[in-house]
Amino acid sequence: MKRKTIDSFFKKAETNSSSQEPESSIPEELPVQHGPSTAQQPSVESATYERDPGKFGSDTFTVKGFQNWKKVNNGKECAFLVHMGQGSNSAHNFAVQRCDDLKNSMSHIENVIVKRNKKVVLDSRLRLKTSIDAVRWLTFQACAFRGHDESSESMNQGNFLEMIKILATYNNSVKEVVLENAPKNAKYTSSTVQKEILHTFAHKVQKTIREEIGNNKFCLIVDESRDASKKEQMGIVVRFVDKEGFIRERFLDLVHVKDTAALTLKNSICSVLSHNNLSVLDIRGQGYDGASNMRGEWNGLQALILKECPYAYYVHCMAHQLQLALIAASREVYKVHNFFQNAIFIINVVSVSAKRNDELLKNQAEEIVRAVELGELESGRGANQIGALQRPTDTRWSSHYNSICSLARMFGATVSVLRSLATDRSLSPYSRGDAAASLEKLLSFEFVFVMHLMIEIMAITNTLCQALQDKSLDILNALSLVSSTKMLIQKLRDDGWEPLLEKVNSFCHKHEIKLLDMSCRYVDLTKSRNKHDNRTMEHHYRVDIFTTAIDQQLQELNARFSEQSMELLTLASILDPRNNKSFDITEICRLAKRFYPADFTEQERAQLKCQLAHYVFDLCNHPDLKISSSLADLAHRLFETGKITIYPMVDRLLRLIMTLPVSTATTERAFSAMKLIKTDLRNRMGDDYLRDYMIVYIEKEIAKIFTSDEIIDLYDFLGSRRAKLKLTDV
């Protein structure tokens with residue numbers, strides 16, 4: 001009976017082994033036999049387990065139960081000890097080992113796979129983080145990414161790959177996962193990946209700008225320029241007031257336009273606004289440079305925008321108006337016009353070669369040392385620095401001021417260089433003739449007089465010119481600066497003749513220039529000598545040059561910066577905190593009703609009138625508000641003091657006024673950045689690549705706060721990636 005049972009067990013085990021059934025279908029363990037033949041049972045079970053180790057799923061002591069408790073703890077015949085077996089391959093010991101493995105969750109196959117996937121993800125993120133840091137640094141420095149030869153044999157593989165190499169040398173963890181140690185399908189070094197990373201930065205910058213704007217109204221500042229490949233690019237800047245009351249001007253986008261027609265520009269602007277989830281109806285101001293296609297009252301860009309939003313008031317760029325005023329004034333007085341032409345000619349003759357520049361710097365250094373020894377100049381750290389002559393540019397009138405100041409400062413060194421060139425026989429007669437002509441013009445009393453006159457005039461206008469470049473300047477503060485500039489120029493006209501003449505005479509005496517007898521008769525070469533002209537030298541220089549030049553400046557400034565030209569600005573000046581004694585609540589309410597009917601309902605205008613009464617009292621008595629120097633300062637102090645919750649309608653009106661543009665300086669700076677980014681050597685940059693590059697480069701203040709993990713997550717979200725970059729994906 002026992003033999004038959006054992007044979008049937010082995011036969012059944014062999015059948016199951018040949019059929020290769022899963023472990024769950026393994027035959028049951030041979031049940032323990034009790035009775036007279038129990039003595040032979042251990043060897044049978046041991047043989048069974050040795051031939052078929054590792055089987056589990058047995059019904060030992062579970063199906064038929066166990067009743068022979070008398071033999072428990074009966075030495076070797078103990079049923080439990082017999083079941084446990086002697087070797088480690090017994091079914092009991094094998095089951096115990098499997099139970100321990102089951103309780104050890106870290107050894108489970110799914111956890112082993114996750115651990116491996118986690119390392120792959122971390123390596124991929126570290127590899128991509130290295131590429132992100134390289135892209136960020138190169139973009140902030142306006143450097144090219146790719147090189148001429150990026151092959152492994154190249155000595156210079158381009159800025160991007162060389163930057164990756166440098167980062168790898170400082171960190172072994174980076175070195176183990178980048179470049180040749182990276183998988184071929186996830187190196188993150190291709191030009192496509194570089195552009196995608198840059199686009200991710202640009203996308204996040206635009207999203208941040210949109211969040212800064214929030215529900216506030218904004219102003220459009222637009223300008224266009226050609227890039228290095230002669231493509232017409234349009235820069236779009238938005239001006240708004242953030243939640244803390246600060247004026248912000250953010251570079252929103254760069255668009256390649258096929259032409260500069262007003263309708264083309266308008267459609268491109270609407271497309272950009274729609275892409276950034278901004279509404280045309282929220283525009284409350286337009287700022288352009290005054291070109292006919294931009295400021296046209298019937299078919300210009302400002303007219304087309306006004307048709308979409310009637311409250312998008314147009315303001316001509318004040319910096320451009322100032323430039324036009326200065327240019328027009330200089331051209332009206334031919335002596336001033338000739339001075340600038342001669343000054344440019346002299347600077348070109350002196351600075352035409354490096355050798356002449358070196359000689360100029362040497363003479364300047366000697367002149368400075370001599371002046372310090374005589375006590376004419378004070379010595380000290382950073383004082384009396386040596387510099388070259390500066391050339392003026394047509395687009396930046398402030399450069400003319402810097403140019404003539406440098407010429408006056410280096411006058412003696414310039415004279416020495418010109419004298420050396422005029423007598424140098426190794427030069428061509430043409431070069432010696434240019435040097436002699438320049439020297440003759442430079443050492444004339446008229447040249448020195450006009451030079452000092454323009455320095456006096458432009459020192460006054462340069463302050464206004466520099467202030468108009470400020471992003472945070474509000475339009476009322478700009479108009480106040482225009483008024484003070486006019487007053488200072490008028491003061492120069494009334495009281496500046498004697499001090500100017502004394503300064504010119506002193507300068508001429510120092511540089512051995514012949515002085516004029518102001519009582520002598522002046523001979524005008526443009527008129528016939530037969531005509532009786534009894535004008536004296538003093539009349540010529542004081543009336544024909546000094547007074548006429550100043551009058552032309554005042555006339556142009558009055559014509560182009562008339563405060564009465566826009567009623568909106570005149571009424572808005574009432575809100576100026578410096579005029580708190582002349583606050584007219586009725587006029588302010590009229591301002592809100594006439595110019596901003598869409599921003600104030602009838603009920604809100606009634607609230608505005610009530611709030612203004614308390615606001616005027618607070619403005620005169622609150623220690624923080626009464627020291628406000630401008631609308632921008634006032635808006636920020638309202639936020640800091642919490643008064644913004646008490647006077648919400650007043651704050652809204654202030655923000656609308658501050659949104660009005662002052663100048664297009666931000667877009668002009670953007671195009672200056674474009675010249676650094678897209679050069680003659682990099683003129684094949686695509687429009688999208690250039691756009692993303694400029695957004696990140698110009699708004700680096702925003703881009704630098706993004707962490708690499710944020711860029712990685714957005715990079716993974718914007719496209720389908722082969723390699724997993726998130727731990728939640730595994």
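Visitor: Which residue in the turn of the hairpin formed by strand 2 and strand 3 has a positive phi?
Guide: First, a caveat: this is a predicted model, where local features need pLDDT of at least 70, side-chain atom pairs count only at pLDDT 80 or more, and totals for chains, interfaces and linings use all residues. Residues are numbered from 1 along each chain as its sequence is written, and side-chain values use heavy atoms, leaving out hydrogens and water. Strands here are DSSP E runs of at least two residues, helices H or I runs of at least four, numbered from the N terminus. Five residues sit between the two strands, and the one with a phi of about 90° is glycine 245.

Visitor: How many bridges join strand 2 to strand 3?
Guide: Strands pair if DSSP finds at least two bridges between them. Strand 2 (residues 232-241) and strand 3 run antiparallel, and the bridges joining them number nine.

Visitor: Are helix 8 and helix 28 oblique or roughly parallel to each other?
Guide: Axes are lines fitted to C-alpha atoms, for helices over the stretch in contact, with angles from 0 to 180 degrees between N-to-C directions. Under 35 degrees is roughly parallel, over 145 roughly antiparallel, 65 to 115 roughly perpendicular, the rest oblique. These two pack at about 55°, axes 9 Å apart, so helix 8 and helix 28 are oblique.

Visitor: Is aspartate 692 buried or exposed?
Guide: Aspartate 692 is in helix 28 and, leaving aside residues up to four places away in sequence, touches Leu198, His199 and Ala202 (heavy atoms within 4.5 Å). Buried means under 20% relative accessible area, exposed over 50%, partly exposed in between (1.4 Å probe, protein chains only). At 5% relative accessibility, aspartate 692 therefore counts as buried.
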